Amino acid sequence: MFVQSHTPFADFTHQTDRHDKSQTPLKDRTVLVCGGDQDDCRQVAESYGFTSVVTTADIITSTPTLWPFTSPQSYASYARPLPQPIYNPSSTSPTHLTISSVFVFADPRDWALDIQLITDILLSRGGVVGTTRSCSLAGQENPASLVPLYFSNPDLQWASQYHLPRLGQGGFKAAFMGVWEAIHRGIPLEAKTIGKPSRETFEFAEKRLRKHRQKLLGTHKRAALGLRKVYMVGDNPLSDIQGGNDYSSPFGSVWDTILVRTGVYNDSEVPPHKPKVTVDGVWDAVKWALIREAWPTDEIDKLSVDDT
């Protein structure tokens, strides 16, 4: 079983927009998906059930003047035609591209382009790309009427092959919010962020764990006992450990957190959120959990890293 930061977006497909009189589920409305390499995130969104997914590549390829500081040709190999044209004052089309929600699935590769595009959509009339609202949010505009914006990962930094942490999606969000507040004289934007340490992500993961456990155990008598203990292993105190410590399971399971000395872990700093234990790596975390669960030592010794 594999759950990524954006996997909970799969549960959004049947949501409806209170401003939409038809109450069409989100899976059948047009959404913008940002981030990731080439067309990967669109394909993931479609696997979740979204049927009309538009990406930054589609829009900049169809309308290069939207952001003149990038080359549309670099997106051409994986861009798709838009379901409707983008509005412009000379357009004669009866319909235009309308975005119902914006999802940041992964770290955007061109921050400036995506910041401009998301800003345009949030400032549009009802999500119609190419239009703009007649009044400023600094006046009487209701921010709740904006196109919903969702981020999937709040991590400011992450560990790459470079020897220092790199900015992650949390950095992109901070940059976007800074631009937004500069435009609107300090008025903050309400955007939803899932991913660790949000409760939604941990509850989603637990539901998947419970379903997976039931499938593995089948009719075994232990299946009736339910999921009693979960070990949350991570390298980031600000997401993995905070989320596991704060999570209160609606199903009654107990969560213990294990911090590993890899990734963004910094041995010279005291973790802002204290784990149950700190170990060297993931394999050590697994062995610690098995010992806590009273597994026989000889059985643990038979396991290898590949078994994890």
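**View 1. An overview of the protein chain.** Of the 308 residues in the protein chain, 41% are buried. Keep in mind as you look around that this is a predicted model. The chain holds 8 helices and 10 strands, and its C-alpha trace spans about 75 × 45 × 40 Å along the principal axes. For contacts between residues at least 6 apart in sequence, 60% join residues at least 24 apart.

**View 2. The largest nonpolar core.** Here 33 residues make up the largest nonpolar core, and Leu32, Ile59, Val102, Ile118, Leu149 and Phe176 have the most contacts inside it. Two or more residues each come from strand 1 (30–34), helix 2 (56–62), strand 3 (101–104), helix 3 (111–122), strand 4 (149–151) and helix 4 (169–183). Helix 3 is the top contributor, giving 6 residues. In soluble globular proteins, nonpolar side chains tend to be buried together.

**View 3. A close look at Leu32 and its neighbours.** Setting aside residues up to four places away in sequence, Leu32 touches Val54, Thr55, Thr56, Ile59, Ile99, Ser101, Val102, Phe103, Leu117 and Ile121.

**View 4. The surface and its charges.** The chain carries 31 positive and 34 negative side chains. How far apart do the centres of the two sets lie? The distance between these centres is 7 Å.

Methods:
Residues are numbered from 1 along each chain as its sequence is written. This is a predicted model: local features need pLDDT of at least 70, side-chain atom pairs count only at pLDDT 80 or more; totals for chains, interfaces and linings use all residues. Side-chain values use heavy atoms; hydrogens and water are left out. A nonpolar core is a set of buried Ala, Val, Leu, Ile, Met, Phe, Trp, Tyr and Cys residues joined through side-chain atoms within 4.5 Å. Buried means under 20% relative accessible area, exposed over 50%, partly exposed in between (1.4 Å probe, protein chains only). Helices (H or I, at least four residues) and strands (E, at least two) are DSSP runs, numbered from the N terminus. Contact means heavy atoms within 4.5 Å. Lys and Arg count as positive and Asp and Glu as negative; His and the chain ends are not counted. The place of a charge is taken as NZ of Lys, CZ of Arg, CG of Asp or CD of Glu.
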